[in-house]
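Visitor: I would like a close look at a single part of this model, and then an account of what lies around it. Please take your time over the connections.

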Amino acid sequence: MMRARVMIPLGIALVAVLAVGGWMLFLRPQARPSTFKGEPTSALYSLIDSRQRDAAPLTVDEVFTPATATLGGLRRVSAEQLDCDDALWGASAAGCTQALRATYTGDLGAGQFVIFNLTDGRAADALVKALSEDGFVRQAVPFDAVRSRAQARALGHYVTVAWVGPVRPGETGDLVSQLVALDGLGHIIQKRVVDAT
């Protein structure tokens with residue numbers, strides 16, 4: 001009788017642990033930046049407003065060059081190409097053919113930069129809007145998202161997302177300069193504009 005009484009609470013405890021674990025793995029809200037700014041594409045990128053006019057895919061080496069291994073006091077840890085859906089949660093990128101992502105870490109901050117290759121400027125603007133409302137990019141490097149900052153830009157048929165935050169909760173660092181440094185990786189798209197002239 002005593003053994004049965006002990007087994008019931010243990011069974012309930014096991015179910016509770018499994019439920020919490022499932023929530024942590026599958027249902028936990030994904031991280032979002034506390035400060036976000038999104039910008040639609042502009043006339044500056046009209047020459048590459050569609051992938052038809054800029055058909056060559058981006059490469060990891062093209063975007064993440066040796067010169068960008070260190071930016072704003074952050075060191076690049078990884079650079080990769082992945083499926084667009086694998087880079088996002090809660091938002092879709094219609095017509096996206098590639099997403100390139102790099103992660104950076106430093107003593108006080110960490111961050112990531114992602115660039116999406118979409119069909120045209122309308123699709124790029126739609127993704128920027130979705131990032132401000134529905135979902136965001138997946139966090140690929142540890143930092144405190146509660147105090148983080150992000151910038152998303154539509155640049156013709158591309159979207160760039162720079163996102164930085166402090167390494168430890170409660171810390172404050174120069175997130176603005178780190179964000180500007182990572183956002184600067186999007187300047188590679190200006191070369192695409194020049195090549196399209």
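Is Ser50 buried or exposed, and what is its relative accessible area?

Guide: Ser50 is buried, since its relative accessible area is 17%, where buried means under 20% relative accessible area, exposed over 50% and partly exposed in between, with a 1.4 Å probe and protein chains only. This is a predicted model, in which local features need pLDDT of at least 70 and side-chain atom pairs count only at pLDDT 80 or more, while totals for chains, interfaces and linings use all residues. Residues are numbered from 1 along each chain as its sequence is written, and side-chain values use heavy atoms, with hydrogens and water left out.

Ser50 sits in the loop between strand 1 and helix 2 (60-63); helices (H or I, at least four residues) and strands (E, at least two) are DSSP runs, numbered from the N terminus. Apart from residues up to four places away in sequence, Ser50 touches Thr119, Asp120 and His157, contact meaning heavy atoms within 4.5 Å.

Seven strands make up an open sheet with mixed pairing, in the order 1-8-9-6-5-3-2, two strands being paired if DSSP finds at least two bridges between them. Strand 1 (35-39) and strand 2 (70-71) are the edge strands, each pairing on one side only. Strand 2 is joined to strand 3 (residues 74-82) by two bridges in the antiparallel sense, with Leu71 standing opposite Leu74 in strand 3. Helix 5 (residues 175-183) packs on the sheet, where it touches strand 2, strand 3, strand 5 (98-105), strand 6 (109-117), strand 8 (149-155) and strand 9 (158-166), and its direction makes about 155 degrees with that of strand 9; such angles run from 0 to 180 degrees between N-to-C directions, the axes being lines fitted to C-alpha atoms, for helices over the stretch in contact.

Strand 8 is mostly covered, with five of its seven residues buried. Strand 8 and strand 9 run antiparallel and are joined by seven bridges, and the bridge partner of Ala154 in strand 9 is Val159. The hairpin of strand 8 and strand 9 has two residues between the strands, and in it Gly156 takes a positive phi near 65 degrees. Within strand 9 lies Thr160, which is buried at a relative accessible area of 0%. Leaving out residues up to four places away in sequence, the residues touched by Thr160 include Gln151, Ala152, Asp183 and Gly186.

The largest nonpolar core has 28 residues, and those with the most contacts inside it are Phe116, Leu118, Leu127, Phe136, Val137, Val159 and Val161; a nonpolar core is a set of buried Ala, Val, Leu, Ile, Met, Phe, Trp, Tyr and Cys residues joined through side-chain atoms within 4.5 Å. At least two residues of this core come from each of helix 3 (84-87), strand 4 (88-89), strand 6, helix 4 (121-133), strand 7 (136-137), strand 8 and strand 9. Helix 4 gives the most, with five residues. Setting aside neighbours within four places in sequence, Leu127 is in contact with Leu88, Ser92, Ala93, Phe116, Leu118 and Val159.

Aromatic pairs come next, and a search of the whole structure finds four; rings of Phe, Tyr and Trp (its six-membered ring) pair if their centres lie within 6.5 Å, planes under 30 degrees apart counting as stacked, over 60 as edge-to-face and the rest as tilted. The rings of Phe36 and Phe136 are edge-to-face, because their planes stand at 85 degrees, with their centres 5.6 Å apart. This pair links distant parts of the chain, Phe36 in strand 1 and Phe136 in strand 7, 100 residues apart. Phe36 counts as partly exposed at 23% relative accessibility, whereas Phe136 counts as buried at 0%. Phe143 and Trp163 also form an edge-to-face pair, 5.1 Å centre to centre with 85 degrees between the planes. Phe143 lies in the loop between strand 7 and strand 8, and Trp163 in strand 9; both Phe143 and Trp163 are buried. Phe36, Phe136, Phe143 and Trp163 form one aromatic cluster.
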